[in-house]
Protein chains: 2
Amino acid sequence: MTHEAQFAELKQRLREISDLHGAEAVLGWDQATYLPPGGAEARGRQLALLGRLGHERLVEPAIGRLLDALAPWADAQGADSDVAALVRVTRRDFDRATRVPSAFIQRLSEHAAASYHAWERARPADDFAAMRPLLEKTVELSRELAAFHPGYANPYDALIDLAEDGMTVATVRALFTELRAGLVPLIAAIRACPEIDDRCLEGAFPEAAQQAFGEQAIRAFGYDYGRGRQDKTAHPFMTKLGRGDVRITTRYRSDNLSDGLFSTLHEAGHAMYEQGIDDGLDGTPLFTGTTSGVHESQSRLWENLVGRSLPFWRHWFGVLQAAFPGALDDVDVDTFYRAINKVRASLIRTEADEVTYNLHVMLRFDLELALLEGTLAVADLPEAWHARMHSDLGVSPPDDRDGALQDVHWYGGIVGGAFQSYTLGNIMSAQFFAAARRDLGDLDHQIGAGHYAPLRAWLTDRIYRHGRKFTAPEIVRRATGQPLSIAPYLAYLNTKYGALYRL
Amino acid sequence: MTHEAQFAELKQRLREISDLHGAEAVLGWDQATYLPPGGAEARGRQLALLGRLGHERLVEPAIGRLLDALAPWADAQGADSDVAALVRVTRRDFDRATRVPSAFIQRLSEHAAASYHAWERARPADDFAAMRPLLEKTVELSRELAAFHPGYANPYDALIDLAEDGMTVATVRALFTELRAGLVPLIAAIRACPEIDDRCLEGAFPEAAQQAFGEQAIRAFGYDYGRGRQDKTAHPFMTKLGRGDVRITTRYRSDNLSDGLFSTLHEAGHAMYEQGIDDGLDGTPLFTGTTSGVHESQSRLWENLVGRSLPFWRHWFGVLQAAFPGALDDVDVDTFYRAINKVRASLIRTEADEVTYNLHVMLRFDLELALLEGTLAVADLPEAWHARMHSDLGVSPPDDRDGALQDVHWYGGIVGGAFQSYTLGNIMSAQFFAAARRDLGDLDHQIGAGHYAPLRAWLTDRIYRHGRKFTAPEIVRRATGQPLSIAPYLAYLNTKYGALYRL
């Protein structure tokens, strides 16, 4: 068999796996949007089946043999070629998948379902005790999962690497330590300032008008409704159901403007990344964003660096006022801009402002590392959470509902590997934005004119179109010419919030 | 291996096939409701994959071996037992599936996709010539398909039997001949009467109010929105996405009341059948309605025998008037009742009244039989259509758009086996309704009181809960105590239309 024929066979197999994932995404999207309550159990079964079929096809020995046979031929086409990247990334996925026995996956997914189910009741009931045995088992299973992946300095490294190729506890910790050193004085300085008045964000904001305004804004960004759509869900998300079908979901609060608005911009950032991937990669593992961190960099870039900027609102504020007759008549753009950027230590990560958000992430990163390393017992987690919130943010949750039970992540089956990507995304968003500004000239002027095409074209060229061809560190270096660095992010925060709070 | 263990293995395999069909239904529903245009191609690929995986699993030799081993053990549990029915029906599906080579299925589905695609353009363009070579190939492939199934007196029998277990050309033709003999004088008598004035159905009927009224009516029927939902599509349909998830779709015209209203009642009839199947049959081939004809009997029963009856509207007409303030103020319930039952020879089957509808079906049945037998050439089909419409209904389409290009069926890949079920459904709907009336006492009074629970319970007990356990002839005999007969249907039409037209 020629290499070309082997490569065609590999692609044929990968296409089937990709179509199974696409079908799974359709079922998942429907589950979150329109599934009637009576259909929940059958849907769970259908989803489990599609997941299993996709996994079975990935771990087939024939894939390993094709990858072995193709590696030298693929590498000969150049490390940056689609072919070499495809073989390289598939090899990584294949090795990761084959290392984990299917009996373990079965155990893990059954436990994950049970834990998630219990958490859905335990969180509103503020019942950490009910979750304790389940979380203990989750920690144990997470350690077991890490142990299937050899060759890491720290077992936790394996879990981080699964989400963020090439990242380790050491690299993340170094970045976070440096970032913390920059954030703490900024937060202290802001805390000494008078509070910003953000009452203009509260009021009566009809959902239909929120939806229409958000749609107008993200259409202007370049989100393509011909290759996507927007629906309502309890928790906003972005999902790709197949080529040309990248959907977002939103949640609105009729008494508050910012929740629905900024989550729309956020999910549109994720979606434009997926819509911007080269169609030639369709049907392969390269046809998705490269890592959670880089993905988050795009949602945060469009949400925060564009969507919470003064130039953006100089263009849009009049449109917003017109969309809600009467509600914002007495507000000027500067007041609005200050309100949407108010910094205040708070209990809930997903509602945190740009500056304090990262402290929430660091808290989770450190606590989950301690859980995995065994230096923190699950029983002591609520107390550790309280103490850390108090020392880091000066606020402390009155209960576990808004404390250690807050995020679904630990209760969805795995402890470790998820949270760091949120802050990595923030860091990268500023680094990408600074590089785009350098290349595009007066970016503020373009944004102020409602003109996003140059920025989106730059992001598409440097990041989006490559899909998963490169790792996060490679993408950063290619896009910006520099290694990953927190300097642009700290500069961005210091400049923006220095001006806002007149520091 | 014990029989119990073999049976468990069979059920495990069938459950997977059923979950694949469910996943396929989710993708199909989304394709018709919310899929963005850009996602069409990928969705086609995903659907084809799921269809193929389901088929591959059904034709596995292991299924045949299990069925062989289980048959005597299953039969020993009694022909009416779930176990015996499961083995019997699975054997039928297995034999039918294994007889057709997968290379043929591939050829057929590629041709079907090409033909459907071409028809979508050819019908609006009134371009029968463009469809002619495709339809010729469809006829050829349909004959080939029939030939894979041996043992039928007429090759067309195989195609009918695939949709209507136990029916043949001879039995259908005998029923249709008898029915035609009863319909022709009724239609002639009606034609001699003054036309009914149905202008009250035209006007401004806002879509949201139509939706709300339809929902209220079918909730009263017993359609369970907790195990289903309703969305808008270009063509209304019912689909089952899994246990507890049976959805319907509707199309509304804001200038006409009847289209959206009666298609809602119609699809709800299909859906209540699926919702009424015994949950214990979930995950098996028994967990669906038995044949297209029996399915249609339920949509037509709720749409026509209930929904176009005078008692029904005595209860609902006031609610309808209130739903459309001003639009029906000058109309009384008798005028409305007459309007929704107006008989008029017309060009389009799906818009035909109860009486002339069956002539449309007979026309298609006879023409497709002639195509398959080679006594009618595809090239002569438009002319034959015109001639038959003229002789049967006294009207003739000015073009092929509303003639031989009208229905999708022949252009979706197969000629033969689909149309007869519409009229069989009509016939059965009246036979079931008459038997229910006999058993339930004053059914008109119950319907007039908006009280549908007894009727639905009767239908559930006699028909719905059994799923596919029994064939259509068996279901008719069990539910009514009689073999399939046109007498109740002709009696229903003669009584109802005799009164309406004062014949």
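Guide: Start at Asp126(A), which sits in the loop between α5 (102-125) and α6 (128-147) of chain A; helices (H or I, at least four residues) and strands (E, at least two) are DSSP runs, numbered from the N terminus. This is a predicted model, where local features need pLDDT of at least 70 and side-chain atom pairs count only at pLDDT 80 or more, while totals for chains, interfaces and linings use all residues. Residues are numbered from 1 along each chain as its sequence is written, chains are lettered from A and ligands numbered from 1 in the order in which they are written, and side-chain values use heavy atoms, leaving out hydrogens and water.

Most residues other than glycine have a negative phi. With a relative accessibility of 28%, Asp126(A) counts as partly exposed; the scale here is buried for under 20% relative accessible area, exposed for over 50%, and partly exposed in between (1.4 Å probe, protein chains only). Over in chain B, Arg502(B) also has a positive phi without being a glycine, at about 50 degrees. Arg502(B) falls in the segment after α20 (487-500) of chain B and is exposed, at 67% relative accessible area.

Stay in chain A and turn to His386(A), in helix α15 (residues 381-393). His386(A) is buried at 19% relative accessibility. Its side chain reaches the backbone oxygen of Pro397(A) at 3.3 Å. Leaving aside residues up to four places away in sequence, His386(A) touches Ser396(A), Pro397(A), Asp399(A) and Asp400(A), contact meaning heavy atoms within 4.5 Å.

Now for the charged pairs. A salt bridge here is a side-chain nitrogen of Lys or Arg within 4 Å of a carboxyl oxygen of Asp or Glu, and the whole structure has 100 of them over all chains. One joins Asp198(A) to Lys342(A), at 3.5 Å from N to O. Asp198(A) is in the loop between α8 (169-191) and α9 (207-221), and Lys342(A) in the loop between α13 (333-339) and α14 (357-373), so this pair ties together parts of chain A that are 144 residues apart in sequence. Lys342(A) is buried, at 11% relative accessible area. Arg251(A) and Asp259(A) make another salt bridge, with their closest N and O atoms 3.6 Å apart; Arg251(A) is partly exposed at 30%, and Asp259(A) is partly exposed at 23%. In chain B, Arg308(B) and Glu303(B) pair up at 3.0 Å, N to O, and both residues are buried. Then there's a network: shared partners link Asp19(A), Arg243(A), Asp279(A), Asp282(A), Glu41(B) and Arg45(B) through salt bridges.

Asp19(A) and Arg45(B) form a salt bridge across it, at 2.9 Å from N to O, and the count between chain A and chain B is 12 salt bridges. The two chains also have 20 residue pairs in polar contact (both at pLDDT 80 or more). For polar contact, read a pair of N or O atoms within 3.5 Å; within protein, one must be able to donate a hydrogen and the other to accept it, and residues adjacent in sequence count only if both atoms are side-chain atoms. On the chain A side, α1 (3-33), α2 (40-58), β2 (238-242) and β3 (245-250) each supply at least two residues, and α1(A) gives the most, with 11 residues. By class, that side has 15 nonpolar, 10 polar and 15 charged residues; Ala, Val, Leu, Ile, Met, Phe, Trp, Tyr, Cys and Pro count as nonpolar, Asp, Glu, Lys and Arg as charged, and the others, Gly among them, as polar. The contact takes 40 residues from chain A and 40 residues from chain B. Together the chains bury about 3,000 Å², 51% of it on carbon and sulfur atoms; buried area is the accessible area (1.4 Å probe) that two parts lose on being put together, summed over both.
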